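Please load the model below and keep it in view.

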Amino acid sequence: SSILSLISTTPFGILVEKLRGKNVPLCISIPVIWTWIEFLRFKIFPWAPFGIQLINTPFAQISEFTGIFGLSFLSLFPASVVLDAIERRKPKLLFIIPAILVPLFSLCIMRERQVERFISQRDKVRVIALRTDFSRQQKWLEFRRTIEREFETTEEAIGKVGGEGSLVVWPETSISALFDLLNTKTLSFVRERMEGIIERYRVGMIVGAIEGEKSGEKGVIYENTRFFNSAFFITEGGIWVQRKEKLVPFGEFIPARSIIKKIGFLERVIRRVKLSVELSSWGRREIFDWRGLKFSVFICWEILFPSEVRKVVEGGADFIVNISNDVWFGGEWGVKQHFYYAVARAIENRVYIVRSVNKGIAGIVSPSGKVISASEKEGYVWGKVGSGMKSFYSMYGDMLSYIVMVFFLVLLVFILS
């Protein structure tokens, strides 16, 4: 968090101070400069946008047009007007705040209700998303107990909610073994149990596991094997896979390893980052079909990337599935923020989001941003999802952010001249 703050606030402070000397109003310079610095930072590390604080308010509806960056702009706008009024000794400027925010608030409430009415008329399928509660040690050292618990929860959920024909979603790495090894005698019970549930209840299942590109007989893994953090979509008709595209730096891979090796002190630091296995990324996003509805799977923090979610919605996905293992956060605020990003993607693209997680918040979010069901306790959430509706953002992306960029460049020229 400290590093992210420095990356954003240092250039922000310098540029705003420069503009103050040029007599540019703070109510313009502050939100414009911050929004564009944040937009550029998101290309590298898309965590903690300033606008996420508005995601549970009616104002969040504007992100259908502006994306999350519009919320960042709006978050800063009132305070920057106040600062401008104080610095320029013009208290009348304060009337700008209610003049803009009150009508906008009313419009956002109306739009939220309009979206809810629209999606209520769409055909839907039932989804069940597990929320597990395993520690890191339990996941990898108590394999049989954890997998049995996941099967028990799945069958309990199907029985209680009348879940025959549902799409059942398990968290990231919910199968804490190499998926390739489910064909071996030792782990065949997992595959057989899963196939039994799918056939008996006519469900589809999404499970997370590590996948090896090459594996030998009896579980022997070759040295040149590439490993992927993958989601497997399993039905009676076959198995399809989505490999993770956006890996977590220093958590799943070491970025720029070849360059780091040439820099002595960095190489020594990196040696201390011990990864159990370094993962490979995959350059293709799949769109799957379940009972006439199309969906795509995002693994862990991939849901943070607005442009990635937008691409699959533009490509025909009716809803989004996000599987995650939030045990790494180790605290309350990280898991809450992670869930709020899923809410943001739902509103931006006007699609349902289904989220299954270990040690975080599992939930189902409607295209209006309404949380249909959510849980921070071990068990499951369920609900019905369908196709959403086209949004300005899903069709045109960050067009408004680029307009802000042009304005930002004009200000920059003004600073340097």
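**Patch, packing and pairs**

Student: Where is the place of Tyr 396?
Tutor: Helices here are DSSP runs of H or I with at least four residues, strands are runs of E with at least two, and both are numbered from the N terminus. By that scheme, the place of Tyr 396 is helix α13.

Student: What pLDDT do local features need?
Tutor: Residues are numbered from 1 along each chain as its sequence is written, and side-chain values use heavy atoms, leaving out hydrogens and water. This is a predicted model: side-chain atom pairs count only at pLDDT 80 or more, totals for chains, interfaces and linings use all residues, and local features need pLDDT of at least 70.

Student: Does Tyr 396 count as buried, partly exposed or exposed?
Tutor: Buried means under 20% relative accessible area, exposed means over 50%, and partly exposed lies in between (1.4 Å probe, protein chains only). Tyr 396 has 46% relative accessibility, so it counts as partly exposed.

Student: Which helix gives the most to the nonpolar patch?
Tutor: At least two patch residues each come from α13 (392-396) and α14 (399-416). The top contributor, with 3 residues, is α14.

Student: How are α4 and α5 oriented to each other?
Tutor: Axes are lines fitted to C-alpha atoms, for helices over the stretch in contact, and angles run from 0 to 180 degrees between N-to-C directions. Under 35 degrees is roughly parallel, over 145 roughly antiparallel, 65 to 115 roughly perpendicular and the rest oblique. The axes of α4 (residues 68-88) and α5 (residues 96-119) come within 10 Å and cross at roughly 160°. The pair is therefore roughly antiparallel.

Student: What is the handedness of the α2 and α4 crossing?
Tutor: A crossing is left-handed if the near helix is turned anticlockwise from the far one by less than a right angle, and right-handed if clockwise. Helix α2 (residues 26-41) packs on α4 at about 150°, with axes 7 Å apart. That makes the two roughly antiparallel. While α4 and α5 cross left-handed, the crossing of α2 and α4 is right-handed.

Student: How are α11 and α12 oriented to each other?
Tutor: The axes of α11 (residues 306-314) and α12 (residues 332-349) come within 10 Å and cross at roughly 45°. Their crossing is right-handed. The two helices are therefore oblique.

Student: How many salt bridges does the structure hold?
Tutor: Side chains of opposite charge can pair when their charged atoms come close. A salt bridge needs a side-chain nitrogen of Lys or Arg within 4 Å of a carboxyl oxygen of Asp or Glu. The count for this structure is 23.

Student: How many residues apart in sequence are the parts that Glu 64 and Arg 111 tie together?
Tutor: Glu 64 and Arg 111 form a salt bridge, with the closest N and O atoms 2.6 Å apart. Glu 64 is buried at 2% relative accessibility, and Arg 111 is buried at 18%. Glu 64 lies in helix α3 (residues 63-66) and Arg 111 in α5, so the separation of the parts they tie together is 47 residues.

Student: What separates Asp 84 and Arg 88 in helix α4?
Tutor: These two form a salt bridge, with the closest N and O atoms 3.4 Å apart. Asp 84 is buried at 2%, whereas Arg 88 is partly exposed at 37%. They are 4 residues apart in α4, which means about one helical turn.

Student: What is the N to O distance between Glu 142 and Arg 145?
Tutor: Glu 142 is partly exposed at 33%. Arg 145 is partly exposed at 44%. Their side chains meet in a salt bridge at 2.9 Å.

Student: How far apart in space are Asp 180 and Ala 209?
Tutor: Asp 180 sits in the loop between β3 (175-178) and α8 (188-201). Asp 180 and Ala 209 are 29 residues apart in sequence, and their C-alpha to C-alpha distance is 9.4 Å.
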